[in-house]
Amino acid sequence: MAQSMLLYWSSGSPPCWRVMIALEEKLLQGYKHKHLSFDKNEHKCEEVKALNPRVQVPTFKHGDIVVNESFAACLYLESAFKSQGTRLIPDDPAEQALVYQRMFETNNLQQKMYDVAFYEWHVPEGEKHESALKRNKESLIAELKLGDGSLGKFNRRMGKGSYLAGKNFTMADVVCFPVIAFFPRLHCPPEHCPRLMEYYKMLKDRPSIKASWPPHWLEKPEGQDSLKNL
């Protein structure tokens with residue numbers, strides 16, 4: 001089944017990484033894939049453009065089905081292979097609601113992290129302002145406090161070592177871990193999110209995560225210090 005799948009991806013992209021974790025969790029190793037370099041603009045190639053009008057990665061194809069948004073691809077994999085591998089979406093409606101809530105909260109954390117970590121790269125020189133970067137940092141710190149507080153409540157209620165949506169590894173962890181992994185890599189002070197850092201250490205050696213770890217992170221384990229002065 002995996003041989004009929006094709007994933008276009010780039011190393012270090014949280015959206016790409018979460019799809020790769022989902023494929024591993026659903027025991028779909030052996031899928032076809034093409035690693036495209038952001039630095040060389042390979043993700044803008046004609047192959048991707050033919051499948052994805054936004055010309056972005058991940059771009060995922062399974063037979064005649066094309067799914068380009070990472071959340072959609074992850075949910076598709078769970079739906080198509082529900083009984084295979086790790087069950088990532090629980091049946092209980094209340095438990096589902098929490099998984100979905102944590103999943104979509106990830107968008108807030110990811111964007112606010114980007115707004116600080118990649119400010120120097122994404123904002124044109126004439127539009128950079130210290131006051132804007134300061135606001136971005138404050139917004140990110142507030143978001144980290146929310147995430148850390150939520151995880152703290154779970155740990156107090158269910159015991160230390162809880163996942164983002166309870167005692168079991170779920171789709172919430174699949175989509176959020178690749179974002180959380182940026183914080184230690186970019187030297188975020190751990191006092192801003194001690195529980196999230198404990199969560200990171202708990203999950204980083206999970207087989208699906210190790211198997212899909214960004215190749216250039218293996219070559220160079222430490223990234224820029226763009227979150228050091230948060």
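The model is predicted. The domain assignment divides the chain into domain 1 (5–81) and domain 2 (93–219). The largest pocket, with a volume of about 1,300 Å³, lies between these two domains because both give residues to its lining.

**Domains**

- The C-alpha centres of domain 1 and domain 2 are 21 Å apart.
- Across the boundary, 16 residues of domain 1 are in contact with 26 residues of domain 2.
- An unreviewed UniProt entry annotates residues 3–85 as "domain: GST N-terminal".
- That span, residues 3–85, is 35% helix and 19% strand, and its end C-alpha atoms lie 17 Å apart.

**Largest pocket**

- The volume of the largest pocket is about 1,300 Å³. Its lining has 42 residues, and those closest to the pocket centre are Ser11, Gly12, Ser13, Phe38 and Phe118.
- Two or more lining residues come from each of α1 (14–25), α3 (70–80), α4 (93–117), α5 (119–122), α8 (182–185) and α11 (215–219).
- The element that gives the most to this lining is α11, with 4 residues.
- Sorted by class, the pocket lining has 16 nonpolar, 17 polar and 9 charged residues.

**Cavity**

- There is 1 cavity of 30 Å³ or more, and the largest cavity holds about 40 Å³ of space.
- Its lining consists of Trp9, Ser10, Ser11, Gly12, Ser13, Trp17, Met20, Ser212, Trp213, Pro214 and Pro215.
- By class, 6 of the residues lining the largest cavity are nonpolar and 5 are polar, with no charged residues.
- Domain 1 (5–81) and domain 2 (93–219) both give residues to the lining of the largest cavity, so the cavity lies between them.

**Helix α3**

- The buried residues of α3 are Ser70, Phe71, Ala73, Cys74, Tyr76, Leu77 and Glu78.
- These buried residues pack against β1 (5–9), α1, β3 (59–62), β4 (65–67), α4 and α7 (171–180).

**Loop between β2 and α2**

- His43 is placed in the loop between β2 (32–35) and α2 (46–51). With a relative accessibility of 10%, His43 counts as buried, because the cut-off for that class is under 20%.
- Leaving out residues up to four places away in sequence, His43 touches Ser10, Leu36, Ser37, Phe38, Val48, Val55 and Val57.
- His43 and Ser10 are 33 residues apart in sequence, with a C-alpha to C-alpha separation of 7.6 Å.
- Asn41 also lies in the loop between β2 and α2. Although Asn41 is not a glycine, its phi is positive, at about 60°.
- Asn41 has 46% relative accessibility and therefore counts as partly exposed.

**Loop between α2 and β3**

- Most residues other than glycine have a negative phi, and most peptide bonds are trans.
- Val55 lies in the loop between α2 and β3. Its phi is near 55°, a positive value in a residue other than glycine.
- At 12% relative accessibility, Val55 counts as buried. Val55 is one of the residues that His43 touches.
- Pro58 is found in the loop between α2 and β3. The peptide bond joining Val57 and Pro58 is cis, with omega about 10°.
- Val57, like Val55, is among the residues touched by His43.

Key: Residues are numbered from 1 along each chain as its sequence is written. This is a predicted model: local features need pLDDT of at least 70, side-chain atom pairs count only at pLDDT 80 or more; totals for chains, interfaces and linings use all residues. Side-chain values use heavy atoms; hydrogens and water are left out. On a 1 Å grid over the protein atoms alone, a cavity is a set of points where a 1.4 Å probe fits but cannot get out, and a pocket is an open set with protein on both sides within 12 Å along at least five of seven lines; lining residues have an atom within 4 Å of a point. Grid points are joined across faces, edges and corners, and a volume is the space filled by probe spheres set on the points. Ala, Val, Leu, Ile, Met, Phe, Trp, Tyr, Cys and Pro count as nonpolar, Asp, Glu, Lys and Arg as charged, and the others, Gly among them, as polar. Domain bounds come from an automatic or database domain assignment. UniProt positions are given in the numbering used here, feature names are shortened, and annotations may be inferred rather than shown by experiment. Buried means under 20% relative accessible area, exposed over 50%, partly exposed in between (1.4 Å probe, protein chains only). Contact means heavy atoms within 4.5 Å.
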